[in-house]
Amino acid sequence: MAERCAAALLAAALSTAACTTTVIGRPVALPVLDMDRSLIADYFERSNTAARDGAEAQERFLASTEHPDFVRQCDLGGLTVMLEPTLSTLRPDDGWRPAGAHQAPRGRLYAVAVTVTVRRGESTLGTQIGSMHVVVLDATAYGFAPCPS
């Protein structure tokens, strides 16, 4: 069984490798404005401060920092979410759109790797690393509230 899984994995890797495309030129990283980096770092710091103050405080913070074009007020059900961004991964992501949206949010759109820790009171329920989007619009960082499913 393990041999079949390994063989299937190898075949998938080889077939993927055969479908690559070479692009001539050098990759160029898009710039992140220093002011935006500072606003985004502050957004995460304020979110974590609110989380340490409890679920209601964090829900108020998330409601007040939802992007004005995509407000989805979510009930976190008493959970808090600690968000630890890896700001060295912060990059522009102009092509991203929120789920179900027909257009991108107004402002400068960024993606960043984030370690997310979900807590209920003093108990950690889970930790995961993922990507999160933040928009800077009119010198304010806006996010998209996590909604438990």
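# A tour of the predicted chain

Starting at the N terminus, the elements of the chain follow the order α-α-α-β-β-β-β, which amounts to three helices and four strands; helices (H or I, at least four residues) and strands (E, at least two) are DSSP runs, numbered from the N terminus. The model is predicted, and for that reason local features need pLDDT of at least 70 and side-chain atom pairs count only at pLDDT 80 or more, whereas totals for chains, interfaces and linings use all residues. Residues are numbered from 1 along each chain as its sequence is written, and side-chain values use heavy atoms, with hydrogens and water left out.

## The whole chain

Begin with the complete chain of 149 residues, 32% of which are buried; buried means under 20% relative accessible area, exposed over 50%, and partly exposed in between (1.4 Å probe, protein chains only). With the surface displayed, the chain exposes about 9,700 Å², of which carbon and sulfur atoms supply 56%; these areas come from the Shrake-Rupley method with a 1.4 Å probe, and for residues only the protein chains shown count as cover. If contacts are drawn (heavy atoms within 4.5 Å), 62% of those between residues at least 6 apart in sequence join residues at least 24 apart.

## The nonpolar cores

Next select Ile40, Tyr43 and Phe44, which touch the most other members of the largest nonpolar core, a set of 20 residues. The elements that give two or more residues to this core are helix 2 (34-52), helix 3, strand 1, strand 2 and strand 3, and helix 2 supplies the largest share, four residues. A nonpolar core is here a set of buried Ala, Val, Leu, Ile, Met, Phe, Trp, Tyr and Cys residues joined through side-chain atoms within 4.5 Å. Centre the view on Ile40, which, leaving aside its neighbours within four places in sequence, is in contact with Leu87, Leu90, Tyr110, Val134, Val136 and Ala141. A second, separate core has six residues, among them Phe70, Leu137, Tyr142 and Phe144.

## Phe144 and Glu66

Stay with Phe144, in the segment after strand 4, where this residue is buried with a relative accessible area of 14%. Beyond its neighbours within four places in sequence, Phe144 is in contact with Tyr43, Glu66, His67, Phe70, Trp96, Pro98, Pro105, His133 and Val135. A C-alpha to C-alpha line from Phe144 to Val134, ten residues apart along the chain, spans 7.3 Å. Gln73 belongs to the loop between helix 3 and strand 1 and is exposed, with a relative accessible area of 60%.

Glu66 lies in the loop between helix 3 (55-64) and strand 1, and its relative accessible area of 5% makes Glu66 buried. Setting aside neighbours within four places in sequence, the contacts of Glu66 are Val71, Arg72, Tyr142, Gly143, Phe144 and Ala145.

## The largest pocket

Now turn to the largest pocket, which holds about 440 Å³ of space. Its lining has 19 residues, and the closest to the pocket centre are Arg72, Met132, Phe144, Ala145 and Pro146. Strand 1 (80-92), strand 2 (108-120) and strand 3 (123-137) are the elements that give two or more residues to this lining, and strand 3 gives the most, with six residues. On a 1 Å grid over the protein atoms alone, a pocket is an open set of points where a 1.4 Å probe fits, with protein on both sides within 12 Å along at least five of seven lines, and lining residues have an atom within 4 Å of a point. Grid points are joined across faces, edges and corners, and a volume is the space filled by probe spheres set on the points.

Colouring the lining by residue type gives 13 nonpolar, four polar and two charged residues; Ala, Val, Leu, Ile, Met, Phe, Trp, Tyr, Cys and Pro count as nonpolar, Asp, Glu, Lys and Arg as charged, and the others, Gly among them, as polar.

## Loops to finish

Select Asp138, in the loop between strand 3 and strand 4 (140-142), where a positive phi of about 55° occurs although Asp138 is not a glycine. Asp138 counts as exposed at 67% relative accessibility. Ala139, placed in the loop between strand 3 and strand 4, has a positive phi near 60° and counts as partly exposed at 49% relative accessibility. Most residues other than glycine have a negative phi.

The last stop is Asp53, in the loop between helix 2 and helix 3, which counts as exposed at 60% relative accessibility. From Asp53 to Thr80 the C-alpha to C-alpha separation is 9.3 Å, although the two residues are 27 apart in sequence.
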